[in-house]
Amino acid sequence: MQPKQAIVKSYHDGTKHSYHSVLVNPNYVDPSTQPLSFKFYPHFYRRLNLDINNPIHKFIWLTSTITCEKNYQNSPYQLRVNPSAGGLYPTEIYVQIRGIENIIDGIYHLEVANNSLSLIYELIDDGLENYITPGKCINGFIFLISCVYYRSSWKYQNRSWRYCCLDSGHHLGAIAASAYVHNRKVQLIFDFDKLALNSDLGFENKEFVTACAIAGEFQDKQIRSLRLKVPFVCGTDYFEANQFIEDAYQVTAVQPSSHKELEFPVYDFEQERFFQAIWRRRSIRRFHKQPISQVDYLRILREAEKPVPAEHFEEIEIFSVIHRVDDMAPGLYKGSSLIKEGDFCDKVGYLCVNQAIARDSAVTLFLVSTYQNYQTAMQIAGFIGHRVYLISNYLGIGCSGIGAFYDDETQEFLGTDKDVLYSIVIGK
Ligand SMILES: Cc1cc2nc3c(=O)[nH]c(=O)nc-3n(C[C@H](O)[C@H](O)[C@H](O)COP(=O)(O)O)c2cc1C
């Protein structure tokens, strides 16, 4: 292993859970100290209220909007189109809009709390392109995802490094899903000059760019970097630095990812029904131990394995532990090949830190990888996880991401030397 690879891997290894680590550090926090999970730019920035009767506004709105309000201990809290570990929502969205009728060319912050865009930067001969696709001009939309990491590290400490990346991948999935129902194509970009962007967007050490999704036309044209810096605005009401996360981010922000040819997935969902799946998507909290059909299970797997529309890429392998699928032997599968037959319900429930949903599911999936770039690999795992959520919900099957598992024991159970990045449960 190259010395640099060893450093990158140390940011995965340094966040491993074990039976012992969870016992001594169960992540209890006082909920009243939760930092703000919505970012607001000051009132003097011009606002554009998103009107869902306008298809362009609706495309942007559906990437991030609040879809449900609940109460916990007499305090209301909101859930969104994108899932998030612990419902802490560290991710923010910025969108550069260029060449769209009736919208000023500029960089906007999506203010999720108010369904509006704040114009934080007006374009002249400059823009985000020079950081992301130098020599090209994008007519259309460049979405940037960033993480206000303290929202998650407040509770999950160093392990939140993983959750920031996975949540970011889910948010990319939400952008891709909105693009699909609005007949637009998106391309994901993971390798670009993130550090320069963090500086020019005024993020200091409190927020960092993780990925980009482009929905627009590429034109050969030089666009210069932002001529002015955007002032710093904090995404939380208070902040505590976490050096581990800042280092993990910095190291993985500059490492090249693996490469593949750009290929777009082809879906054949009924669009209105798919829109409803996005709108109603939720994480399942309890299963009734009902089986799912083999047809549905194989469809979910097939859709999850469709191409990820990115050139910078990391290969993800999917293991399935089948507990309850009609006409399929329970056991551990790699893709669709059975590698170990048996009833592993209790074992997998235990591995996922004794979470009943991993025991009572129809299938518990594990996403593993050996990667060049960890930040990219984790985001692709989150992106695939988002697909699994939406396809399951589309088919009337429940789903939840599982970020908490005993790493080494899970790896041993799967019989792989690849890192276990994410787990997802599906069932009824
Ligand atoms: C990266 C990630 C990890 C998660 N880990 C767990 C988990 O270990 N256990 C669990 O019950 N839910 C888990 N969830 C589900 C979140 O708790 C859920 O997304 C959040 O509460 C918001 O609810 P919603 O998905 O219904 O909108 C996870 C979600 C994500 C995106």
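Predicted model: local features only at pLDDT ≥ 70, side-chain atom pairs only at ≥ 80, totals over all residues.
Local features are drawn where pLDDT is at least 70, side-chain atom pairs count only at pLDDT 80 or more, and totals for chains, interfaces and linings use all residues. Residues are numbered from 1 along each chain as its sequence is written, and side-chain values use heavy atoms, with hydrogens and water left out.

**View 1. Helix H9 (residues 271-280) and its buried side.** Helices (H or I, at least four residues) and strands (E, at least two) are DSSP runs, numbered from the N terminus. Phe274, Phe275, Ala277 and Ile278 are the buried residues of H9. These sit on the same side of H9, because they cover an arc of only 155° around the axis, taken from the directions from the helix axis to the C-beta atoms. Buried here means under 20% relative accessible area, exposed over 50%, and partly exposed in between (1.4 Å probe, protein chains only). Over on the other side of H9, look for the exposed Glu272 and Arg280. The buried residues pack against helices H3 (55-61), H6 (160-181) and H13 (374-394), with contact meaning heavy atoms within 4.5 Å.

**View 2. Strand E17 (residues 419-427) and its two partners.** Since 9 of its 9 residues are buried, E17 is largely enclosed by the rest of the structure. Strand E15 (residues 363-369) runs antiparallel to E17, joined by 7 bridges; strands count as paired if DSSP finds at least two bridges between them. Strand E16 (residues 398-402) also pairs with E17 in the antiparallel sense, over 5 bridges. Keep an eye on Ser423 in E17: it is the bridge partner of Phe366, and of Ile402 too.

View 3. A polar side-chain atom of Gln355 lies 2.7 Å from a ligand nitrogen. For Arg285, an N or O atom in the side chain is 3.2 Å from a nitrogen atom of the ligand. Gly401 brings a backbone N or O atom to 3.2 Å from a ligand nitrogen.

View 4. E5 is mostly covered, with 6 of its 6 residues buried. Gly106, Tyr108 and Leu110 point one way, while Ile107, His109 and Glu111 point the other. E5 pairs antiparallel with strand E4 (residues 91-98) over 4 bridges, and His109 is the bridge partner of Tyr94. Strand E6 (residues 116-122) joins E5 through 6 antiparallel bridges, where Tyr108 stands opposite Leu119.

How values were computed: Polar contact = N/O pair within 3.5 Å; in protein donor to acceptor, adjacent residues only side chain to side chain.
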